[in-house]
Amino acid sequence: MAAPLELSCWGGGWGLPSVHSESLVVMAYAKFSGAPLKVNVIDKTWRGSRGDVPILTTEDNIVSQPAKILNFLRKQKYNADCELSAKQGADTLAYIALLEEKLLPAVLHTFWVENDNYFTVTKPWFASRIPFPLSLILPGRMSRGALNRILLTRGEPPLYHVNEVEAKIYRDAKECLNLLSNRLGTSQFFFGDTPSTLDAYVFGFLAPLYKVHFPKVHLQEHLKQLSNLCRLCDDILNSYFRHGPVASRPGGLPVPSAAVFLFTRRKHHLTPIILWTS
Amino acid sequence: MSLVAEAFVSQIAATEPWPENATLYQQLRGEQILLSDNAASLAVQAFLQMCNLPIRVECRANAEYMSPSGKVPFIHVGNQVVSELGPIVQFVKAKGHSLSDGLDEVQKAEMKAYMELVNNMLLTAELYLQWCDEATVGEITHARYGSPYPWPLNHILAYQKQWEVKRKMKAIGWGNKTLDQVLEDVDQCCQALSQRLGTQHYFFNKQPTELDALVFGHLYTILTTQLTSDELSEKVKNYSNLLAFCRRIEQCYFEDQCKGRLS
């Protein structure tokens with residue numbers, strides 16, 4: 001039995017196991033490849049780090065960043081891509097690059113830069129999961145990091161201003177979503193009937209955009225029109241992340257005060273149960 | 001350019017044919033131009049050759065500052081100035097020339113994805129090597145970048161550019177990478193390109209597209225540029241079909257050996 005693998009990541013909401021894209025990518029890949037992962041959700045205690053989340057800890061290794069974590073899991077023989085041909089593997093790399101260049105700026109903007117979304121949804125959610133006084137500092141820092149990334153990669157000198165690039169990044173994101181939808185077509189997953197790394201990445205980037213309730217829903221509306229991508233997200237959620245009663249959401253809707261998330265793998269043994277209280 | 005300005009330029013572009021005196025501007029070839037800019041410039045030249053559009057190359061020391069987006073190369077066609085491969089491809093398309101019209105939707109998606117892969121991995125690795133690797137910076141980059149300017153401007157501009165590039169690397173998560181990790185990424189990218197190319201002559205069907213131009217620009221420049229060590233070009237040389245691909249495009253479009261014949 002391999003050494004226990006622990007993943008530290010941001011928690012879930014709105015029906016998702018995590019609202020953080022990178023954490024979701026790693027969780028989805030672990031499900032697809034059958035890696036037994038113990039998920040430690042970041043909460044208000046001072047336990048665990050909040051830095052480069054998601055972080056994978058084993059007995060003698062600490063790995064951060066999704067790409068490195070996935071490589072590590074592959075080396076431990078948890079490979080979701082074993083049925084792919086060489087060309088499909090190459091396509092995976094290319095599409096992941098497309099997601100990071102075209103879609104990620106718009107997702108970052110929707111979550112962290114758009115004022116309505118940030119102040120009403122993102123900041124309260126993250127602040128409620130970080131202990132005081134860090135909760136006053138960290139969300140602001142994450143927001144500035146996101147803005148920085150958008151401007152440095154897409155902004156044009158000498159006018160490094162976010163308004164100049166907003167229209168461009170949303171247009172690129174919509175084009176990227178259309179391209180993904182064309183590529184997926186009517187098949188169940190991107191490469192046949194079993195999910196692979198690319199499905200994990202697409203799920204990780206799209207699911208938060210699809211499920212989280214934002215006041216400004218610009219890109220979300222576009223995504224909802226691409227029914228095959230929404231179907232992919234729902235399929236993965238239902239098959240791999242089957243959870244108990246109603247998912248808890250901070251503030252607003254009347255929901256029960258505790259929800260139990262049961263992570264299982266189809267037809268196989270149980271992995272640890274995460275108790276979640278809102 | 002804002003969306004409105006882009007639409008406007010496309011409209012105007014569509015009405016005029018390609019003039020004879022179209023010019024491409026880049027930095028001075030011998031003393032100033034760097035690896036990444038040379039790759040970008042070669043990619044645009046290859047693309048225009050593939051479309052059979054005549055272009056004249058002009059070398060100017062201040063090309064970077066003349067460009068509307070701050071990046072080289074840029075082309076001056078009629079009374080419009082367009083920079084970078086992406087906008088140039090769209091501009092040329094508005095004039096009625098396109099290499100990717102014969103592709104279906106899925107292939108177009110793949111082509112865009114692979115172009116992003118090259119930009120994401122190869123171009124970023126080139127920038128990293130040029131500006132974040134101390135050996136290369138000291139021996140080659142600083143001297144070349146500031147060469148047209150007198151002291152102390154040459155040092156100031158070089159440091160300023162280095163600071164800008166390092167900031168960008170940090171923002172996208174490459175700030176903590178070591179040179180070995182960067183070279184591994186280059187290897188992965190070349191492997192993906194090699195697997196996609198397989199035994200075909202070009203990436204899609206029998207005709208070249210903008211992806212072929214972009215890949216050629218980067219790989220050819222990596223293979224032919226003298227750096228402090230040969231590690232980067234060694235990574236590319238591992239893949240024989242990529243070498244054959246570069247040779248073929250060089251012969252067809254830059255040495256005029258098979259002009260008019262598509263193979």
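What sits over the ring of Trp125(A)? The charged end of Arg129(A) does, 3.9 Å from the ring centre. A charge counts as sitting over a ring if NZ of Lys or CZ of Arg is within 6 Å of the ring centre and within 35 degrees of the ring normal. Chain B has a case too, with Lys177(B) over the face of Trp174(B) at 4.0 Å from the ring centre.

Before going on, a word on the ground rules. This is a predicted model, so local features need pLDDT of at least 70 and side-chain atom pairs count only at pLDDT 80 or more, while totals for chains, interfaces and linings use all residues. Residues are numbered from 1 along each chain as its sequence is written, chains are lettered from A and ligands numbered from 1 in the order in which they are written, and side-chain values use heavy atoms, with hydrogens and water left out.

Back to the rings. Rings of Phe, Tyr and Trp (its six-membered ring) pair if their centres lie within 6.5 Å; planes under 30 degrees apart are stacked, over 60 edge-to-face, and the rest tilted. That gives 14 aromatic pairs over all chains. One of them is Phe32(A) with Tyr240(A), edge-to-face at 5.0 Å centre to centre and 75° between the planes. This pair links helix α1 (residues 21-33) to helix α9 (residues 227-240) of chain A, with the two residues 208 apart; helices here are DSSP runs (H or I, at least four residues), numbered from the N terminus. Phe32(A) is buried at 10% relative accessibility, and Tyr240(A) is buried at 9%, where buried means under 20% relative accessible area, exposed over 50% and partly exposed in between (1.4 Å probe, protein chains only).

Trp112(A) and Tyr118(A) make a tilted pair, because their ring centres are 6.0 Å apart and their planes stand at 45°. Both residues are buried. They belong to a cluster of ring pairs that also takes in Trp10(A), Phe119(A), Trp125(A) and Phe126(A).

Now for the charges. With a salt bridge taken as a side-chain nitrogen of Lys or Arg within 4 Å of a carboxyl oxygen of Asp or Glu, the whole structure has 17 salt bridges over all chains. In chain A, Glu114(A) bridges to Lys216(A) at 3.3 Å between the closest N and O atoms. The two sit in loops, Glu114(A) between α3 (86-113) and α4 (115-127), Lys216(A) between α7 (197-211) and α8 (218-225), 102 residues apart. Glu114(A) is buried at 17%, whereas Lys216(A) is partly exposed at 38%.

In chain B, Glu250(B) and Arg247(B) meet at 2.6 Å, closest N to O. They lie 3 residues apart in helix α11 (residues 240-254), so about one helical turn separates them.

That leaves the place where the chains meet. Contact, meaning heavy atoms within 4.5 Å, takes in 25 residues from chain B and 26 residues from chain A. There are 3 salt bridges between chain B and chain A. In one of these, Glu110(B) meets Lys87(A) at 3.7 Å, N to O. On the side of chain B that touches chain A, two or more residues each come from α1 (3-15), α5 (105-131), α7 (153-171) and α8 (179-197). The largest share, 11 residues, comes from α5(B). Finally, Lys87(A) and Glu110(B) join Asp91(A) and Arg196(B) in a network of salt bridges.
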